[in-house]
Amino acid sequence: MAPSLVEDYITRPSNPLGRYYHKILEGERITREEAVEIYNSDDLLAIGILADTARIARTPADVRDYVYWVHNFHINPTNICEANCRFCSFKKGPKSPFAYVMSVDDVIEQVNNYPMKEGLSEFHIVSGLYEKQGLEYYRDLFVALKKNFPKVHLKGLTAVELDYIAKLEGMTVEEVLPILKEAGLGSLPGGGAEVFAERVRELVCVDKIPAQEWLRIHGLAHSMGMQSNATLLAGLGETPEERIDHVLAIREQQDKTGGFMTFIPLNCYYDNNAVDAANALTGVENLKNFAISRILLDNVPHIKSFWIHIGEKLSQVSLNFGVDDIDGTVVQEKIAHAAGTDTSQALTQSELVNMIRKAGKIPVERDTVYNIIRVYDEQLV
Ligand code: V47
């Protein structure tokens with residue numbers, strides 16, 4: 001819609017969400033109660049307008065139509081995991097015929113086999129909780145990756161993995177993180193947060209670190225000058241209020257430590273796991289999750305729709321619901337695919353560029369910490 005039509009639509013007297021339009025434009029914070037009202041509205045168009053208004057109001061004018069992607073490569077060193085998350089289809093027991101463990105050399109060989117490795121700017125490294133892959137393994141892995149691919153940023157180890165490695169070594173996360181940073185770790189991914197609500201965690205991931213510890217570890221990384229991301233895994237039986245409280249917990253932590261770059265609302269898949277598929281998100285709920293995250297997170301610069309989880313088409317639509325990042329080439333996604341997502345496992349750079357362009361935005365290749373690598377204006381293919 002043209003800007004004046006947007007304004008007419010959202011501010012017409014009969015639109016109960018109209019007052020939030022002015023609040024957002026004036027830079028006022030949206031409260032929990034207000035967020036619940038917005039989320040529960042059936043007026044999806046108005047919710048999209050509010051989110052897009054928030055995105056535009058908080059983004060410098062010259063980069064307003066930018067949508068970011070990253071040339072990245074996922075590394076999952078093992079699928080053996082001690083945790084028992086009911087939604088996880090990736091995890092295998094050590095004796096499973098489908099279990100695998102990669103040595104440092106295996107990982108380097110895997111990357112070397114990727115024909116486009118020269119252009120990579122990020123390794124996304126997450127794994128299972130496995131006693132044979134402790135601090136020494138990750139230190140060696142990061143040193144080897146940096147030696148072989150010195151320009152590639154290492155974004156790795158969720159707060160859950162860091163907590164596990166620290167406990168395995170009889171150390172604290174405060175002790176472990178500087179060692180990993182020294183070995184080359186650049187930032188933390190957003191995984192392992194799931195839904196912060198204790199009620200839901202007791203049902204689906206009872207042995208995972210509690211929300212407060214997940215947040216504390218990210219705050220610790222921020223205090224050491226490492227930035228990080230945050231996720232929400234929706235579709236576990238949580239209520240809209242619990243989704244909103246999760247986003248608000250990120251906002252509160254960000255007020256204190258300020259290192260979150262991106263918030264990534266994810267949706268669950270249900271093949272090969274123990275969560276009831278009746279909890280599956282609708283497309284509308286996915287869009288609401290992106291929108292409410294953008295509206296509430298006035299202190300987090302980017303909202304990402306991970307195209308692997310929601311598909312290319314909904315990812316394109318999400319760009320009108322507050323999203324400004326679609327993640328990247330990925331190359332081989334294993335976690336959501338083990339649970340039945342039907343997207344491809346990778347996209348090429350030109351597929352990502354086209355996907356963004358066809359949605360009417362300007363594709364921008366970024367690195368992990370949002371330095372711009374290339375703006376794909378009309379001359380570039
Ligand atoms: O933490 C687990 C989720 C996450 C399922 O930081 C599932 O840039 C769907 O965190 N269905 C990993 N999801 C993905 C992740 C991520 C992805 C892209 C970018 C970044 C980033 C982080 O996948 C896990 C968990 O929440 N997950 N099982 C499932 N059945």
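Which residues lie nearest the centre of the largest cavity? Hold that thought while I set things up. This is a predicted model, where local features need pLDDT of at least 70, side-chain atom pairs count only at pLDDT 80 or more, and totals for chains, interfaces and linings use all residues. Residues are numbered from 1 along each chain as its sequence is written, and side-chain values use heavy atoms, with hydrogens and water left out.

Okay, cavities. On a 1 Å grid over the protein atoms alone, a cavity is a set of points where a 1.4 Å probe fits but cannot get out, and lining residues have an atom within 4 Å of a point. Volume here is the space filled by probe spheres set on the points, with points joined across faces, edges and corners. The count is two cavities of 30 Å³ or more.

The largest holds about 830 Å³ of space. It has 44 lining residues, and Val126, Gly191, Gly192, Glu194 and Ile335 are the ones nearest its centre. Two or more lining residues come from each of α7 (159-168), β6 (227-234), β7 (260-267) and α15 (335-338). Those labels are DSSP runs numbered from the N terminus: helices are H or I with at least four residues, strands are E with at least two. By class, this lining has 19 nonpolar, 16 polar and nine charged residues.

So what takes up that space? The ligand does; a molecule sits in a cavity if more than half of its atoms lie within 2 Å of its grid points. Around the ligand are 23 residues, and Phe87, Lys155, Gly190, Gly192 and Glu194 come nearest. "Around" means having a heavy atom within 4 Å. β6 and β7 turn up again, each giving at least two residues to this shell.

Now the polar contacts, meaning pairs of N or O atoms within 3.5 Å. A polar side-chain atom of Glu194 is 2.5 Å from a ligand oxygen. A ligand nitrogen lies 2.9 Å from a polar backbone atom of Tyr269, and a ligand nitrogen is 3.4 Å from a side-chain N or O atom of Asn273. On its own the ligand has 620 Å² of accessible area (Shrake-Rupley method, 1.4 Å probe), and the protein covers 95% of that.

Last stop: the second largest cavity, at about 30 Å³. Its lining includes Gly128, Tyr130 and Glu161, and α7 gives the most, with three residues.

Methods. On a 1 Å grid over the protein atoms alone, a cavity is a set of points where a 1.4 Å probe fits but cannot get out, and a pocket is an open set with protein on both sides within 12 Å along at least five of seven lines; lining residues have an atom within 4 Å of a point. Ala, Val, Leu, Ile, Met, Phe, Trp, Tyr, Cys and Pro count as nonpolar, Asp, Glu, Lys and Arg as charged, and the others, Gly among them, as polar. A polar contact is a pair of N or O atoms within 3.5 Å; within protein, one must be able to donate a hydrogen and the other to accept it, and residues adjacent in sequence count only if both atoms are side-chain atoms.
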